[in-house]
Amino acid sequence: MSVPSAPTSDAPSASPAPSADDDADVQMQAPKDAASLGWCTKDEQQAALDETKEIAKLVSKLPKDASAADAVTGRIAGLFNSPCYMDGTLARSPDMAELEAARAWAVAKWWDSGGQDFFKDALQHANAVHFAPSIPRMIAPELLPTSDPMRAILCPSFSAVCDPVAEGTALDVGRELVRVGLLQERAHREDSADDGLGSPEACARSIRKEPPAERLARYTACVDKLVSQLPALPEARYRSPQGWLVLRGRRGHYSFCDEARAYDLETGTAYIASRCGGLVLDAGGAVNQGATRGTGAMKTQVGTLSVDALRRLALALWLKDKLDKDARPYAAFPLPAGVPMPDPDRSFGFGFGSGWGHSGQTSIQFEINDGKSTVVSGTFVWPDAFSVGDQLADDLVVSAETTFREGCPRVALPAGLSPARTLGGVSGIDASPDTLRKNADDLSAAFAELRKTKVCKK
């Protein structure tokens, strides 16, 4: 199960080093352990440290599969509920219900990638805010209903690698996913820097005028935004997607093409039908839809694409809505001077969210078809999506289609593949439903002609 997760650091800090001039006036509290703060006795603290060692021994014996891990997760939950952790007041984020439901491999990955450090550090440096790492998402066919289409791309978790090619494909897609996530995170951090809140020291300065009772919650909410949140593929043993990948929809805005593309995932054979045109605007700037349709011209192409690139795209589309979109590493931030120790009976929460889009975006329909019927289908935003899964799909579409070479096809276009009866995902300002239906009919007619194409002689 060698799918890359979000990068982690050996150090528990998640922030860039500030300059000495900027932070000379910021004082952080000296580290103190839980017993020194009076949250528990020295014996209770030692018992908690001993329990982390015992849990580590149990974790090391867990199988790397989807077996239940109740005995281990029960011990972890008991440890977290011990007095020294103050009911998670400063040791933040461990979702115990999610952890207790996690399977053996996910529990072991979580513990080894920061879970153990979270529990130890929260005892030894108790006057700091500690964020537990997120629990890896795992999928296995033995945990899914027999009718779930995901089973088609999964091997049993307890088996040896059943498809080495798919393992390599998953590694490639995982790296591409991290790249997309890093670009989005960089943009978020630049926004934070513009707000002057790009480091723990800046967060400390921002709370100085807050009432003392509010400072901890404000500081915690601020440093929470400094913790990396990078997407990751679900951990699994993957099989290569089989069949045909079909993409349908409009690409472009003022100049555009309504398209249907069918790609064979085994040979890379490609059949493409495009109806391209341009928006015609009236004097007042409104789209003249009748005149716009009149600019359209049909074009068909046949050839091949890189099979490896297609497999990456197909796997990414299949998993687009299964991603762990905000995988977080373990991170810790010392408390500033002037922040009082928390009241164990007082809780607080925080959060943020955002999104964006633009009028030039459309929705592309995708389908993986076994040649007779649809196995899985969905949509993604094109181009420049806010969603990391959609942006991953956009990038991999470009990567795959860059490899297209015209020529004779290696396999025939199956009769079971056809453009949709209509094309959605286009602004009603640019095209009416009737116009999109007519364009879809044109694409269907083009596909019918493409089925007559002779395949290459083997």
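**Cores, ring pairs and helix packing in a predicted model**

Ala166 has its place in helix H6, where helices (H or I, at least four residues) and strands (E, at least two) are DSSP runs numbered from the N terminus. The structure is a predicted model, in which local features need pLDDT of at least 70 and side-chain atom pairs count only at pLDDT 80 or more, while totals for chains, interfaces and linings use all residues. Residues are numbered from 1 along each chain as its sequence is written, and side-chain values use heavy atoms, with hydrogens and water left out.

With a relative accessible area of 2%, Ala166 is buried; here buried means under 20% relative accessible area, exposed over 50%, and partly exposed in between, with a 1.4 Å probe and protein chains only. Apart from neighbours within four places in sequence, Ala166 is in contact (heavy atoms within 4.5 Å) with Tyr238, Arg239 and Ser240. The C-alpha atom of Ala166 is separated by 9.0 Å from that of Arg312, and these two residues are 146 residues apart along the chain. Thr169 counts as buried, at 9% relative accessibility.

Turning to the chain as a whole, the secondary structure comes to 12 helices and 14 strands. The chain has 458 residues, of which 50% count as buried. Of the contacts in the chain with a separation of 6 or more, 76% are between residues 24 or more positions apart. The accessible surface comes to about 21000 Å², with 51% of it belonging to carbon and sulfur atoms; these areas come from the Shrake-Rupley method with a 1.4 Å probe, and for residues only the protein chains shown count as cover.

The interior can be described through its nonpolar cores, each a set of buried Ala, Val, Leu, Ile, Met, Phe, Trp, Tyr and Cys residues joined through side-chain atoms within 4.5 Å. In soluble globular proteins, nonpolar side chains tend to be buried together. The largest core holds 57 residues, and those touching the most other members are Leu62, Ile76, Tyr85, Val107, Phe119, Tyr219 and Phe333. Among the elements that each supply at least two residues of this core are helix H2 (42-60), helix H3 (70-80), helix H4 (96-101), helix H5 (104-124) and strand S11 (331-334). H5 gives the largest share, 11 residues.

The buried residues of H3 are Val72, Thr73, Ile76, Ala77, Leu79 and Phe80. These residues lie on the same side of H3 because they cover an arc of only 160° around the axis, the arc being that of the directions from the helix axis to the C-beta atoms. The buried residues of H3 are covered by elements that include H2, strand S1 (91-92), H4 and H5. On the face turned away from the buried side, H3 carries the exposed residues Asp70 and Ala71.

Aromatic rings were also examined. Rings of Phe, Tyr and Trp (its six-membered ring) pair if their centres lie within 6.5 Å; planes under 30 degrees apart count as stacked, over 60 as edge-to-face and the rest as tilted. By this rule there are 11 aromatic pairs. One of them joins Trp110 and Phe119 edge-to-face, at 6.3 Å centre to centre with 75° between the planes. Both partners are buried, Trp110 at 1% relative accessibility and Phe119 at 0%. Phe118 and Tyr330 also form an edge-to-face pair, because their ring centres are 6.2 Å apart and their planes stand at 80°. Since Phe118 lies in helix H5 and Tyr330 in the loop between strand S10 (324-327) and S11, this pair ties together parts that are 212 residues apart in sequence. Phe118 and Tyr330 are buried too. Ring pairs link Phe80, Tyr85, Trp110, Trp111, Phe118, Phe119 and Tyr330 into a cluster.

Charges were also located over rings, which requires NZ of Lys or CZ of Arg within 6 Å of the ring centre and within 35 degrees of the ring normal. Arg250 lies over the face of Phe256, 3.8 Å from the ring centre, and Arg251 over that of Trp382, at 4.8 Å.
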